[in-house]
Amino acid sequence: MALIDSIDNLHTTSMGEERIRRNLALNKPDVIAWCKEKIINADIIIRKGKNWYVYIDGIVITVNSHSNTVITAHKTKVSVREITPADYPLLEDFIYHAIFVPAGTETPPRGIIYNPDVFIYIDRFGSKPGDCGVVAEVGGKVIGAAWERIIPAFGHVDDETPELAISVLPKYRGQAAGTLLMARLFGLLRESGFKKTSLAVQKENTAVKFYQRLGYITVRESVEEYIMVKDL
Ligand SMILES: CC(C)(COP(=O)(O)OP(=O)(O)OC[C@H]1O[C@@H](n2cnc3c(N)ncnc32)[C@H](O)[C@@H]1OP(=O)(O)O)[C@@H](O)C(=O)NCCC(=O)NCCS
C-alpha cells in the first residue's frame with residue numbers, strides 16, 4: 001500500500017490542520033501523528049482520482065496521493081453494524097435493489113425476488129453456516145446491506161467461499177455507504193476464518209469499478225457477467 005509506505009512523508013498545511021480540528025472537534029497536540037495512527041489501523045484505504053480516502057472509526061481522512069498532504073478529515077454520515085435477525089426481513093428489499101437494471105430496460109416487478117436464482121441469496125438467511133452480513137444506517141434508518149452465503153448461485157467458485165450480495169438504497173448511493181459496508185464485511189469474514197469471497201456482476205454495471213477498487217479480480221466470465229474473487 002503506497003500510502004503506508006510513504007507515511008513518514010505525511011504532512012498538512014495550517015488550513016488543513018484547522019479544518020481537521022474543527023470537523024472532528026479534535027483536541028490532539030499533533031494532528032499528523034493522530035492521522036498516521038488512524039491510517040496504519042484503517043478499515044479500508046481507497047484510491048480515487050488524485051486522492052487516498054482512509055476509512056476508520058466513522059471518519060474519512062483525505063490525503064493527496066502526489067504530495068502526501070492530508071487535505072481534510074470528517075465524520076461519515078453513514079454508520080455500519082453487524083446484521084441482526086431483526087434486519088433479516090429487510091433483505092427482501094435489498095436483494096431487489098441489488099438486481100441490475102441495464103440502461104433503457106424496464107425495472108423488473110418486485111416478484112422477481114422469488115425466482116429461485118434470486119431467492120437463494122435470502123432464503124432463511126441466518127440458518128446456514130457461514131451466513132453473515134452488515135447493514136448501513138443513516139439517522140437510525142437502514143439504507144444498505146451487504147451479506148455473504150455459501151450457495152450454488154451466480155458467483156459460486158467453491159464450497160468454502162461465500163458469495164456477496166450488496167445494495168444501497170438509490171438515494172444514498174455514491175456517499176461511501178457501499179465502501180464502508182464492504183470494509184466491515186471483509187473484517188467479519190476474516191474473523192470467521194474465510195480466505196476469500198466471490199461475486200457475480202453484470203459487465204455493464206458501474207459496480208465493476210467499485211469492486212475492482214476494493215481488490216476484487218475477475219476469475220471467470222460469461223458473455224454478460226464477470227465472476228470476481230477477493231483474497232481476504
Ligand atoms: C454498488 C453499490 C452497492 C455501491 O454502493 P455506494 O454506496 O454507491 O458506494 P460508494 O459510495 O462507497 O462508492 C461509489 C462507487 O460505486 C460505484 N457505483 C455503482 N453504482 C452506483 C450508483 N448508482 N451511484 C453511485 N455510485 C455507484 C461507482 O463506481 C462509484 O465510484 P465513483 O465514486 O468513482 O463514481 C450501490 O451503488 C448499489 O446499490 N448499486 C445497485 C445495486 C448493485 O449494483 N449491486 C451490486 C450487484 S453485483
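**A working chat about the model**

Colleague: Quick one to start. Which residue in β2 stands opposite K48?
Modeller: K48 stands opposite N51 in β2. Strands here are DSSP runs of E with at least two residues, and helices are runs of H or I with at least four, all numbered from the N terminus.

Colleague: What kind of model is this?
Modeller: The model is predicted, so local features need pLDDT of at least 70 and side-chain atom pairs count only at pLDDT 80 or more, while totals for chains, interfaces and linings use all residues. Residues are numbered from 1 along each chain as its sequence is written.

Colleague: Back to β2. How many bridges pair it with β1?
Modeller: Five, in the antiparallel sense. Strand β2 covers residues 51-56. Two strands pair if DSSP finds at least two bridges between them.

Colleague: In what order do the strands of that sheet come?
Modeller: β1-β2-β3-β4. The sheet is open, has four strands and pairs antiparallel.

Colleague: Which strands stand at the edges?
Modeller: β1 (44-48) and β4 (70-75). Each has a single partner strand, so one side of each is left without a neighbour in the sheet. Neighbouring strands are turned by 20° against each other on average, direction ignored.

Colleague: And how do β3 and β4 pair?
Modeller: Antiparallel, over five bridges. One of the bridges joins V60 to H74 in β4. The two strands form a hairpin with five residues between them.

Colleague: Which residue in that turn has a positive phi?
Modeller: N68, at about 60°. N68 is not a glycine. Most residues other than glycine have a negative phi.

Colleague: Is N68 buried, exposed or partly exposed?
Modeller: Partly exposed, because N68 has 17 C-beta neighbours inside 10 Å. The cut-offs: 20 or more other C-beta atoms within 10 Å is buried, 12 or fewer is exposed, and in between is partly exposed, with C-beta atoms placed from the backbone.

Colleague: What about A25? Where is that residue found?
Modeller: A25 is in the loop between α2 (14-24) and α3. Its phi is near 50°, also positive in a residue other than glycine. A25 counts as exposed because it has 7 C-beta neighbours inside 10 Å.

Colleague: Which strands does α3 lie across?
Modeller: β2, β3 (59-64) and β4. Helix α3 covers residues 31-40 and runs at about 105° to β3. Axes are lines fitted to C-alpha atoms, for helices over the stretch in contact, and angles run from 0 to 180 degrees between N-to-C directions.

Colleague: New topic. Which domains does the assignment give?
Modeller: Domain 1 (2-75) and domain 2 (79-231). The bounds come from an automatic or database domain assignment. Their C-alpha centres lie 29 Å apart.

Colleague: How many residues of each domain are in contact?
Modeller: Six residues of domain 1 are in contact with eight of domain 2. Contact needs C-beta atoms, placed from the backbone, within 7 Å. The domain 1 side divides into four nonpolar, one polar and one charged.

Colleague: And V78? Where does that residue lie?
Modeller: In the loop between β4 and β5. V78 is buried, because 22 other C-beta atoms are within 10 Å. Leaving out residues up to four places away in sequence, V78 touches A136, V138, Q175, A176, A177 and L180. V78 and L180 are 102 residues apart along the chain, yet their C-alpha atoms are separated by 8.0 Å.

Colleague: Why is β6 largely enclosed by the rest of the structure?
Modeller: Because five of the seven residues of β6 are buried. Strand β5 (residues 79-82) joins β6 by four bridges, running antiparallel. R81 stands opposite V135 there. On to β7 (residues 141-149): seven bridges join β6 to that strand, again antiparallel. V134 has A146 in β7 as its bridge partner. The hairpin of β6 and β7 has two residues between the strands, and G139 takes a positive phi near 55°.

Colleague: Last one. How many residues surround the ligand?
Modeller: 21, and the closest are R173, G174, G178, T179 and F210. A residue counts as near if its C-beta atom, placed from the backbone, lies within 6 Å.

Colleague: Which elements supply at least two residues of that shell?
Modeller: α4 (91-98), β8 (163-168), α6 (177-191), β9 (196-202) and α7 (207-213). By class, the shell has ten nonpolar, eight polar and three charged residues. Ala, Val, Leu, Ile, Met, Phe, Trp, Tyr, Cys and Pro count as nonpolar, Asp, Glu, Lys and Arg as charged, and the others, Gly among them, as polar.

Note on methods:
Contact = placed C-beta atoms within 7 Å.
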